[in-house]
Amino acid sequence: MGATYATPRGGVLGAGGDGDIVAGYSIGNPLDAVSVTIGLALTGTIPLGDAGSFSLTASRLLQAGGNTATFFGVSASNLLPWGVNARRSEQYSGYVSHLVGVKAGSVEIPLQFVLGYGTDNTRDSAGAGQLSDGAFAGIGIGVSENTSVSVSATRTQMNVGMSYAIPRTGLSATLGVMDATDNTDRRQVSFSVAYGF
């Protein structure tokens, strides 16, 4: 379960901020079968619940050995939408995720690489907000036992983030900047809190 506050709304300067609330439930094990996650997103909080959609994600281990593992995943989002979400079509993506531990002295630094392709994930031009299909990529680095940083990109945007898992609570907090270079005039700052159990 999680909640996110982002400002400005949609990355549009002067639009104010807004929040989203999400919940998901996973079944299955990707190591020896397929893991499937069903998600619910309530888009916007004023008024709460007047817009939203469902999502479906599946993942499977492709290979593992030593200190590496590679997974394949597919996802579909904006399913059964209502409210303003009904104006948009469904979104789909497929991706490969590779995890590796890199030795640095007496410690091992975890790295995650992601490469994929999806629908409606790339903004075509500055300010217009038009979306098109395209590739995306990302890298995440564990900088301490509880802290990680990440960088991701589409054809036109770069995003950065930092997450902190609060020990022994199941809680984590993430601070992110979408379109960090403001290449498409859609820079947006977000703060998320998630709880897993």
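# Briefing: strand pairing, a pocket and local backbone features

Arg168 is an exposed residue, since its relative accessible area of 84% lies above the 50% beyond which a residue counts as exposed. The model in which this value was computed is a predicted one, and every figure below should be read with that in mind.

**Backbone geometry**

- Arg168 sits in the loop between β10 (158-165) and β11 (171-178), and its phi is near 60°, which is a positive value in a residue other than glycine.
- Leu80 belongs to strand β5 rather than to a loop, yet its phi, near 50°, is likewise positive although Leu80 is not a glycine.
- With a relative accessible area of 67%, Leu80 is classed as exposed, because the class begins over 50%.
- Thr7 and Pro8 are joined by a cis peptide bond, for which omega is about -10°, and Pro8 itself is found in the loop between β1 and β2.
- As background to these entries, most residues other than glycine have a negative phi, and most peptide bonds are trans.

- The strands β4 and β5 form a hairpin with 2 residues between them, and in the turn Gly66 has a positive phi of about 60°.
- Strand β5 is joined to strand β6 (residues 91-104) by 10 bridges, with the two strands running antiparallel, and Ala76 has Tyr92 in β6 as its bridge partner.

**The second largest pocket and Met1**

- The second largest pocket has a volume of about 160 Å³, and its lining is made up of Met1, Gly24, Tyr25, Ser26, Tyr195, Gly196 and Phe197.
- Strand β2 (residues 18-27) supplies the largest share of this lining, namely 3 residues.
- By residue type, the lining of the second largest pocket divides into 4 nonpolar and 3 polar residues, with no charged residue among them.
- Met1, one of the lining residues, lies in the segment before β1 (2-7) and is exposed, with a relative accessible area of 55%.
- Although Met1 and Phe197 are 196 residues apart in sequence, their C-alpha atoms are 8.8 Å apart in space.
- Apart from its neighbours within four places in sequence, Met1 is in contact with Val22, Ala23, Val193, Ala194, Tyr195 and Phe197; Tyr195 and Phe197 are also listed in the pocket lining.

**Asp20 in strand β2**

- Asp20 lies in strand β2 and counts as partly exposed at 34% relative accessibility, because that class covers values between 20% and 50%.
- The side chain of Asp20 reaches the backbone nitrogen of Gly44 at 2.9 Å.
- Beyond residues up to four places away in sequence, Asp20 touches Gly2, Ala3 and Thr4, and also Leu42, Thr43, Gly44 and Thr45.
- The C-alpha atom of Asp20 is separated by 41 Å from that of Gly105, a residue 85 positions apart from Asp20 along the chain.

**Ser192 in strand β12**

- Ser192 has its place in strand β12 (residues 188-195), and its side chain makes a polar contact of 2.7 Å with the side chain of Thr4.
- With residues up to four places away in sequence left out, Ser192 touches Ala3 and Thr4, together with Ser172, Ala173 and Thr174.

Key: Residues numbered from 1 in each chain as written. Predicted model: local features only at pLDDT ≥ 70, side-chain atom pairs only at ≥ 80, totals over all residues. Heavy atoms only, no water. Helix = DSSP H or I, 4+ residues; strand = E, 2+ residues; numbered from the N terminus. Polar contact = N/O pair within 3.5 Å; in protein donor to acceptor, adjacent residues only side chain to side chain. Contact = heavy atoms within 4.5 Å. 1 Å grid on protein atoms, 1.4 Å probe; cavity = no way out; pocket = protein on both sides within 12 Å on 5 of 7 lines; lining within 4 Å. Points joined across faces, edges and corners; volume = space filled by probe spheres on them. Nonpolar A, V, L, I, M, F, W, Y, C, P; charged D, E, K, R; others polar. Buried < 20%, exposed > 50% of the residue type's maximum accessible area, 1.4 Å probe, protein only. Pairing = 2+ DSSP bridges.
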